[in-house]
Amino acid sequence: GGVGGGGAAAAGAGAGGSSSRGGSGSSSFTAAHSRLVSWFGDFPSEETCPFSIHSIITAWGKDHGIEAGKWLGPCMLARGIAALVSKHRPGGLTAYVVAGDDGGFGGGAPTLHRTSVMKLAGEDARRRAAVAAERSVRAQQRQQQEARRGQQPQEGSGEGG
């Protein structure tokens with residue numbers, strides 16, 4: 001049994017992402033394009049091809065009743081790719097799957113309001129930045145504690161006696 005209905009996947013570049021496109025002579029564009037396409041390769045390695053059909057089935061689909069040989073509709077495929085993008089975050093990429101007002105996918109693609117997408121992306125970026133800042137603070141605190149421990153004299157290491 002397949003999954004039907006409409007859906008759309010939206011992706012946004014994170015920090016350091018670029019929306020400019022180079023011409024056919026742009027080696028950085030060609031390299032980036034080749035790398036992106038390779039992520040969807042038909043090879044059963046989540047590390048090499050994180051968005052291959054193999055990865056969608058094994059890394060995401062097993063928890064959603066998806067198995068090899070079962071038809072995978074566009075909405076489920078979009079949900080699988082979005083989940084894997086969120087897991088791997090290549091280049092800071094984020095993916096969202098858009099559903100209808102009722103949260104379902106039936107009846108075709110939902111209306112996409114730019115302000116809603118921008119609000120959601122902004123909230124997600126702020127949340128991720130806050131988590132990263134908290135991790136950075138904790139790492140600095142650990143480094144300071146380790147530095148203080150290294151400066152304290154060791155017991156029994158004093159001279160005399």
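Begin by selecting Trp60, which touches Ser55, Ile66, Met76, Arg79, Gly80, Ala83 and Leu84 when residues up to four places away in sequence are not counted; a contact here means heavy atoms within 4.5 Å. What you have open is a predicted model, in which local features need pLDDT of at least 70 and side-chain atom pairs count only at pLDDT 80 or more, while totals for chains, interfaces and linings use all residues. Residues are numbered from 1 along each chain as its sequence is written, and side-chain values use heavy atoms, with hydrogens and water left out.

Next, select Trp39, Phe51, Ile56, Trp60, Ile66, Leu72, Met76, Ala82, Leu84, Val85 and Ala95, the 11 residues of the largest nonpolar core. Such a core is a set of buried Ala, Val, Leu, Ile, Met, Phe, Trp, Tyr and Cys residues joined through side-chain atoms within 4.5 Å, where buried means under 20% relative accessible area with a 1.4 Å probe and protein chains only. Helices α2 (53-60) and α3 (74-88) each supply at least two residues of this core, and α3 gives the most, with four residues; helices are DSSP runs of H or I with at least four residues, strands are runs of E with at least two, and both are numbered from the N terminus.

Now move to Ser52, in the loop between α1 (27-38) and α2. Ser52 is buried, with a relative accessible area of 0%, and touches Trp39, Phe40, Gly41 and Phe43, again leaving out residues up to four places away in sequence.

Finally, colour by pLDDT, the predictor's confidence in each residue from 0 to 100. Confidence is lowest in strand β1 (residues 8-12), at a mean of 40, and highest in helix α4 (residues 114-151), at 89.

Notes
Buried < 20%, exposed > 50% of the residue type's maximum accessible area, 1.4 Å probe, protein only.
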